[in-house]
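Here is a short report on one chain and one residue. Look over the sequence and the structure before reading on.

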Amino acid sequence: FFQYCLSGHPTLPCNVLKFKSTTIMLDCGLDMTSTLNFLPLPLVQSPRLSKLPGWVLKDGSTFLDKELKECSGHVFVDSVPEFCLPETELLDLSTVDVILISNYHCMMALPYITEYTGFTGTVYATEPTVQIGRLLMEELVNSIERVPKAQSASMWKNKEVQRLLPAPLKDAVEVSMWRKCYTMPEVNAALSKIQLVGYSQKIELFGAVQVTPLSSGYALGSSNWIIQSHYEKVSYVSGSSLLTTHPQPMDQASLKNSDVLILTGLTQIPTANPDGMVGEFCSNLAMTVRNGGNVLVPCYPSGVIYDLLECLYQYIDSAGLSNVPFYFISPVANSSLEFSQIFAEWLCHNKQTKVYLPEPPFPHAELIQTNKLKHYPSIHGDFSNDFKQPCVVFTGHPSLRFGDVVHFMELWGKSSLNTVIFTEPDFSYLDALAPYQPLAMKCVYCPIDTRLNFIQVSKLLKEVQPLHVVCPEQYTQPPPTQSHRTDLMIDCQPPPMSYRRAEVLTLPYKRRYEKIEIMPELADSLVPLEIKPGISLATVSAVLHTKDNKHVLQLPPKPPQPAASKKRKRVSDDVPECKPLKPLLSGSIPVDQFVQTLEKHGFSDVKVEDTAKGHIVLLQEAETLIQIEEDSTHIICDNDEPLRVKLRDLVLKFLQKF
Amino acid sequence: LSVFCLGPGAGQDVGRSCILVSIAGKNVMLDCGMHMGYNDDRRFPDFSYITQNGRLTDFLDCVIISHFHLDHCGALPYFSEMVGYDGPIYMTHPTKAICPILLEDYRKITVDKKGETNFFTSQMIKDCMKKVVAVHLHQTVQVDEELEIKAYYAGHVLGAAMFQIKVGCESVVYTGDYNMTPDRHLGAAWIDKCRPDLLISESTYATTIRDSKRCRERDFLKKVHETVERGGKVLIPVFALGRAQELCILLETFWERMNLKAPIYFSTGLTEKANHYYKLFITWTNQKIRKTFVQRNMFEFKHIKAFDRAFADNPGPMVVFATPGMLHAGQSLQIFRKWAGNEKNMVIMPGYCVQGTVGHKILSGQRKLEMEGRQILEVKMQVEYMSFSAHADAKGIMQLIRQAEPRNVLLVHGEAKKMEFLKQKIEQEF
C-alpha cells in the first residue's frame, strides 16, 4: 500500500493510492493561491493598474520591469494568472485507474490530469458535485478568457532570476509547473469522463476493490470515500462538516473499523466559529448600508453563498434592509441558484421536507420573486441599467485577481463608506488586497469555514477508531502563526503519519488475507478434524480458479482415465493434472528436545544460536545448519543427501501430520 | 427463494400489485397496491396469509414501494395503520413526496364524496409516511446485516424505481412498472448486469410491440387537432402525475408551432402542484429536460391554463385534461357525462383502464352505460384509445432481460394469455 502525495495544500488534496493492484487518485485539487502573485485582470482598463511602476533590481537592472510591477511595496507578475498543478512527475499518471472526487472544490485540476497525462480511466463523483463543479470551472474559464491579456511573463520563472526576487515570489514552489487556465472544450472533455454515483453506492473496481461514497456534510453532494477489499479498509475523509447547514449530514458510522484513515480538508480557520462569523457578516453589512455605503462580498458562485442568502432572508426585514438591492453577479449565477433547488435528495432533512410540500428548498427563490435579489451574468448589459446604490454585491473571484469583483474593488475602493467582507477562507485577505493598496474602503474578515475543526476531529477519531491516521504535515503541528496553540493539531494514538508534496508514503499495513470461495460440491467433501478444542482443520485439494480478481476453489479433476482410444490426448487448458498429495505438517519444534534427540542419534557437537526469528542448530563437524523459524525450517547441508534425509526424519518426528 | 402474490391482484391482472418474496430467510413485500375496479374489501390485498402466522412487523423484514401509482401504493396506509406494520418502508424521494398526496386525494374521493366508511384517515396517511425511508438511486441500503436493497431508474413515472433485493449471494430484481424507451419527459429504465437469481417483471404490454413513439404522437395530435377544428371538445382523462405532463409538453409545443387559439385546460388542484414536483425533481426527468431547465423549464406551460368547473359548459372547442385517468370518479367523469352525448366531441384514453371502470367499459365498445341512480348514459362522442402509458412492451422486456441476465424470469401484472405468449418468446431467445 503506497500513497503518492501530489499536492501540498491540505484542503485541495491530490493523492494517489496504490491499493491491491489498483491505482486510485483521491481528489484533484487545484492550488489557486498562486494567482495572488499576479496583478488583477480588470474588465475595464484601469488607469491605476496600468500606471504601476516596473520592478527594478537592487543593482538597478531593469530587464524585468515589463514582467514585474510594484504596488505599495509588493511585487506582482503582470501576466495571465497561473495555477499550481498537482505533481505530474511523481508517478506515471496514465496508470491511474480511477479518480474519486470528494467535492466540487476538489476537482478543479481535473482537466489538467485527464487531458494531458494519457489518463484513460474513469472519474467517479456525485451529480451535484459534477454540476456545480462544472459551474465553478465555467466561471473560472469565462472570467479569464473574456479579458485577453497580450503578455505572458516567463522570464521571472528562470531559477537564477527567481532567486533575486523579493518574497513571496522568491519562495514560490515549482513555478516552472504553473499553468494557464484550461479552456471550455477541455472542461467538457474532462467532465465527460465522469461517472455519476450516489451515496452508499458500492462500486466494484476490477473485482479487487470496492469504493463507496458517503455523505460528508460539507457541500451539496460532497462525499468521503471508503476504499475496501474483503480484509482491508481505507477511509478517505476530505472536507467534512458536522454543522447543520444545507447539505445532508455527515455519515460517520460507516467510517468505523478502518485500517487506515486519510484525513484532509479540515477547517482553514480553526479559531473562528462559523456561526459567530455569519452574525458578524450580517451586522457589518447592515451597518455599512445604513451609512449609505456599498458592500462587496467576494465569493464562489455556490456553497456558503446559499447559507448567507438564507441568513439575509431572515435578517433583511428586521434590520430594515428591505429596500436595499442585493446583486449576485456571475456568468453562472442563474444556473447556480436554479441548480440549488433541484437537489432535494442531497439536502438536509428540513430542506427535504420543504420539497415534499412542494416548495423550493432554499428561500432565495422568494428573494428573487420579490425582486430583493437580482442576478446577472456580468456587469455589462442589464446590470448597468438596474444598478442602484447603496447595494450589496456578491461576485467572484475570492482571490480578487479576476472576475467582476476586480471592477467593484476599483470602483468602490476609494471611499471609506464602502466595505468589502471576506467570507471565503481559501485566500489570505491581506494578500488578496495587496495590489489594491492604498485602499480607503473598510475591510472585514469573516471567514466561514464549516469543515471539521480539531476538537471535532479528535472526537471523530475516538468514535471511529482507525488503526492508523494519515494526514498532511500541516495538521501535525500548530499553525506557524500560533505556535503555542498545541490544541490546533491532530492528537491521536498512534500519532498520525504525515505527508508533504511530492512524497511517497508506505502505508503501515500489510495484506495478510484473501477471500476465496469454495464450490458447494467441494465443501461437501471436506472432513474437518479437530486439532485443538474449537479449532478444526481439513485438507483441501482443489483447483484455484482466478478470474476478475475473484478466487474460487473448484473440485479437482478426476485422475485421467488410462487412454483407451487412439485419439490424441487433448491437453486440458484450464485444469492442471493432479499430483499425489503429500501430507501436511503442523506444529512447532521444541529446540531443547530436538537437541537431545540429535545427541541420542550420535551428533555430539550440537550448538544452538538464537536469532531474531528463531534458532539455528549447528552441527559443526558435519558442517550442517538447521534453521528453525516460526513458519519455516531449513536443513542446509552440502552434498550429503543421506544425512539430510536422516535429519529431516528427525525433524518430522516433532510435527503432526494429517 | 419463494414468491407469493397476495390475492388476485398482481399475479394476473392489471389491478393491484402486492408481492411477497422470501429470500434466504428474509421476507420482503414488494408494493402494496389497491384495485380501482372494486369498491369493497376486494380493493385491498388480503394480508391474512401473513397475519394468520402473527404480526406483520414480525414476519416482514421490509416493504418496498416501486412508484406512486395507486395500484402500487394505494393500500399502504390500510396495511401499515389498520392491519398494523411498524417496520421500514422504502421508496425513492419523489415517490415519498408524491405518494401521500395521491393517497389523500383518493381518500377524499372515497370517503368525502362517496361517503364510504371503514377507510383510512388523513392522520393514518401521515403516520404511515413516517415509517418511510427514502432511498437514492444506486444506494445500497443495508436493511439489516444480511439484507440489502438497491434502487435503479425505471422511467415510467417520476421517481419510479426497480429494486434489487439481495441476501448473501442470492438476489431478486423487482421491476415495478418500467419503460425502456425515453419519452418526452422521462428517461429509459436502466439496470446493470447484476445477474439476479430471479427477475420479477411487469408485463402489461406483454404481446404488443408498439409502433414508434413518433407515429403515436402524430396520431394523437392529428385527432386532437381535427376535433378542435370542427368545433368539438376533447376530454383527456389522466392521472395528475405522469402521462399528463408528457401530453402537456406535446400539446404545448404543437399549439406554439401551429399558432392555435383553442384553450387547453388542466383540472385544478393536484396539477399545478404536480408540475411543481416535476420542477423540483427535475434530476429524475430525461436528459434533454435536465440540460435545458435553467434556460427554459419545460413544466412551465404558456398555453395550458387551470380549469374551472363552469368552463365545461362554455361553447366552442377546447381541450381538457382531467383526473382521474380511468373515468371511475371525480372531475373527468363529470365532464365525460356532460360531453358524451355530442358526436362532435372526443374522449382520448391515453392509458390502461382496469375492469369495472367506465374507462374500461367504453374502450371495450359499450355505448350505453348504466350510471348511478339507474340512469342510462348514451355515449355518442368518439372514443379513442392511445397507448401512452409508459410500460415496457415485449421488446422492452426482452431488452431488460438482456441487460440484467437473470437466471429465471417471473412475469406479473399482466393478463394470463399475454404472459403465456411472452413466456414462449423468452424461452425461445434465452
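## Chain B at a glance

Of the 430 residues in chain B, 60% count as buried. Keep in mind that this is a predicted model. Chain B holds 14 helices and 20 strands. Its radius of gyration is 21 Å, close to the 22 Å that the globule rule gives for 430 residues, so chain B is as compact as a globular protein of that length. The C-alpha trace of chain B spans about 65 × 45 × 45 Å along its principal axes.

## Contacts, surface and charge

Take the contacts in chain B between residues at least 6 apart in sequence: 73% of them join residues at least 24 apart.

The accessible surface of chain B comes to about 17,300 Å². Carbon and sulfur atoms account for 48% of that surface. Chain B carries 54 positive and 48 negative side chains. The centres of these two sets lie 7 Å apart.

## A residue in chain A: Tyr199(A)

Tyr199(A) sits in the loop between β8 (194-197) and β9 (203-205) of chain A. Is Tyr199(A) buried or exposed? Its relative accessibility is 3%, and buried means under 20%, so Tyr199(A) counts as buried.

What does Tyr199(A) touch, leaving aside its neighbours within four places in sequence? Its contacts include Thr126(A), Pro213(A), Gln248(A) and Trp346(A). Also among them are His136(B) and Gln139(B). Ser222(A) is another contact, and the side chain of Tyr199(A) reaches the backbone oxygen of Ser222(A) at 2.6 Å.

Val141(A) is 58 residues from Tyr199(A) along the chain. The C-alpha atoms of these two residues are separated by 30 Å.

Terms used
Residues are numbered from 1 along each chain as its sequence is written. Chains are lettered from A and ligands numbered from 1 in the order in which they are written. This is a predicted model: local features need pLDDT of at least 70, side-chain atom pairs count only at pLDDT 80 or more; totals for chains, interfaces and linings use all residues. Side-chain values use heavy atoms; hydrogens and water are left out. Helices (H or I, at least four residues) and strands (E, at least two) are DSSP runs, numbered from the N terminus. The radius of gyration is taken over C-alpha atoms; the globule rule is 2.2 Å times the number of residues to the power 0.38. Buried means under 20% relative accessible area, exposed over 50%, partly exposed in between (1.4 Å probe, protein chains only). Contact means heavy atoms within 4.5 Å. Accessible areas come from the Shrake-Rupley method with a 1.4 Å probe; for residues, only the protein chains shown count as cover. Lys and Arg count as positive and Asp and Glu as negative; His and the chain ends are not counted. The place of a charge is taken as NZ of Lys, CZ of Arg, CG of Asp or CD of Glu. A polar contact is a pair of N or O atoms within 3.5 Å; within protein, one must be able to donate a hydrogen and the other to accept it, and residues adjacent in sequence count only if both atoms are side-chain atoms.
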